[in-house]
Amino acid sequence: MKTKRQSKILELVQKYEIETQEELSAYLEKEGYTTTQATVSRDIRELKLTKIPMNNGKQKYAVLNEAREQMAEKYVRVLRAGFLSMDMAQNILVIKTVSGMAGAVCAAIDAMHIPGIVGSIAGDDTIMCAIRTVEETSDIMVHLRKIIEQK
């Protein structure tokens, strides 16, 4: 019963904009599942559902992967908004940003978990990324350029 209920919850949160546990309980009831608030709460936790913002300013439950995709889009927007140029010095990637945006762009790049980047540090308008090899530095530059230029 638990597996079927949790499958139904996943289906419901992907189909509807469910904002509260009470709403989720109501949808489950319509589908023939009688639950308590504690059960719904436990299911949400076990399914690793999270709340993500909607365009109307409210929040809805979403599967963690969907939330990650939305966060990835935010990181890309930050990267695009702050990026000015990049160059390499051996295995160091130097990224120039709009003044004051290096920290945000650096955090976005870190959050993207780009393979090959060992670590990064930001100043006011400059980011330095330590890359494992010179070859990987070139590859990462191509990768970042594609992200920045894609519409």
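Two strands count as paired if DSSP finds at least two bridges between them. Strands (E, at least two residues) and helices (H or I, at least four) are DSSP runs, numbered from the N terminus.

## Ground rules

This is a predicted model, where local features need pLDDT of at least 70 and side-chain atom pairs count only at pLDDT 80 or more, while totals for chains, interfaces and linings use all residues. Residues are numbered from 1 along each chain as its sequence is written, and side-chain values use heavy atoms, with hydrogens and water left out.

Let's start with the strands. Strand β1 (residues 49–53) is joined to β2 by 5 bridges, and the two run antiparallel.

Together β1 and β2 make a hairpin, with 5 residues between them. In that turn, Gly-57 has a positive phi of about 90 degrees.

Now for helix α2, which spans residues 21–30. Its buried residues (under 20% relative accessible area, with a 1.4 Å probe and protein chains only) are Gln-21, Leu-24, Ser-25 and Leu-28. Why do they sit on the same side of α2? Because they cover an arc of only 100 degrees around the axis, taking the directions from the helix axis to the C-beta atoms. As a rule, an α-helix has 3.6 residues a turn, so residues three or four places apart point the same way.

Over on the other side of α2, Glu-22 and Lys-30 are exposed, meaning over 50% relative accessible area. What covers the buried residues of α2? The cover includes α1 (2–15), α3 (37–46) and β2 (59–63), with contact meaning heavy atoms within 4.5 Å. Just past the end of α2, Gly-32 takes a positive phi of about 95 degrees.

## Where α1 meets α3

The axes of α1 and α3 come within 11 Å and cross at roughly 75 degrees. These axes are lines fitted to C-alpha atoms over the stretch in contact, with angles running from 0 to 180 degrees between N-to-C directions. The two helices are therefore roughly perpendicular, a label for angles of 65 to 115 degrees.

On the α1 side, the contact is made by Lys-2, Arg-5, Gln-6 and Ile-9, and on the α3 side by Thr-39, Asp-43 and Glu-46.

## A look at Met-128

Met-128 belongs to strand β6 (residues 126–131). With a relative accessible area of 42%, Met-128 is partly exposed, the class between buried and exposed. Leaving out residues up to four places away in sequence, Met-128 touches Ile-92, Leu-93, Val-94, Gly-119, Ser-120 and Ile-121.

Terms used:
Angles under 35 degrees count as roughly parallel, over 145 as roughly antiparallel, 65 to 115 as roughly perpendicular and the rest as oblique.
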